[in-house]
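The sequence and the structure are shown first.

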Amino acid sequence: MILKTVTLASLLTVGPAASAAPSPDEIAKKALESTMFSTTDAQATLDLEVMRDGQALRKRRLTAWVKRASGASRSYIEFSAPAEVAGTKFLSVEENGETKQFIYLPAFKKVKRIVGAQKSQSFVGTDFSYADLEGRDVKLWTWKSQPDDKIQGEDTFVIEGTSIAPDTVYDRLKVWVHKERYIPLKTELFAPGKATPDKRLVVNKLGKHDDRWVTLDSTMESPEKGTSTRLLVVALDTKSAIPDGKFSKEALER
């Protein structure tokens, strides 16, 4: 989500228009803290398509719910198709600088917490990992500016972040941020010790929803594996309130 990350969790992003030339920390704050859905409550239906060499390997459909309040961010995901993953559920709770993740696999009928090295594993057979579904606290990165660039004809700020947190899946980020909308149009994620990106998230299409700019079509690429996962927004609701009970371990087992 660099989403949050860049990740599924950074999928839908909105931001204000730029005024003066901002610092790299200001760009990072606007671009990376307005992630997933920049609203209190949001629900979206999403299609995931895993590709190799331009050929579709597998498809997934899911519904995601997100709630942000009092400095906490909670997300709940449930897969509906195909049958092999239907009923799989995922919960992420981010509060006080800590992220807790849980997954429910219907075949085992139990909830499992995602911890440690498991966060680098593939999320339901896609190019997204569990780490990609976490939010990123901009204060845990040191930011510097790189030369401005163009992405798909759009002017972008380019910033690079270096992690100061221990045991991180990625220790460096490079982000191309739309100068007017502050949406990351491309994000490269570097695993510790690597000079080339482990992952690359690219925005294919932006659109307006309720007067907000959002990412409607994006692709997470894994250059070394030669695979990619395309993420398409099928439906989006940012006006309906979501009950707190949706974001609990108990809800995973229902």
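## Aromatic contacts and ring pairs

In this predicted model, P22 touches I27, F157 and Y182, leaving aside residues up to four places away in sequence. P22 belongs to the segment that precedes α1 (24–33). With a relative accessibility of 14%, P22 counts as buried, because the limit for that class is under 20%. The C-alpha atoms of P22 and K179 are separated by 9.9 Å, although these residues are 157 apart along the chain.

Y182, one of the residues that P22 touches, also takes part in a contact with a charge: the charged end of K30 sits over the Y182 ring, 4.7 Å from its centre. A further case is R172, whose charged end sits over the ring of F190 at 3.7 Å from the ring centre.

Across the whole structure, a search finds 7 aromatic pairs. Among them is the tilted pair of F79 and F123, with 5.7 Å from centre to centre and 50° between the planes. F79 lies in strand β3 (residues 72–81) and F123 in the loop between β6 (110–114) and β7 (141–151), so this pair ties together parts that are 44 residues apart in sequence. Ring pairs also join F79 and F123 with F90 and Y130 in a cluster.

W141 and W143 form another tilted pair, at 6.2 Å centre to centre with 35° between the planes. The members of these two pairs are buried, as listed below.

| Residue | Relative accessibility |
|---|---|
| F79 | 2% |
| F123 | 2% |
| W141 | 7% |
| W143 | 10% |

Terms used
Residues numbered from 1 in each chain as written. Predicted model: local features only at pLDDT ≥ 70, side-chain atom pairs only at ≥ 80, totals over all residues. Heavy atoms only, no water. Helix = DSSP H or I, 4+ residues; strand = E, 2+ residues; numbered from the N terminus. Buried < 20%, exposed > 50% of the residue type's maximum accessible area, 1.4 Å probe, protein only. Contact = heavy atoms within 4.5 Å. Phe/Tyr/Trp six-rings, centres within 6.5 Å; stacked < 30°, edge-to-face > 60°. Lys NZ or Arg CZ within 6 Å of the ring centre and 35° of its normal.
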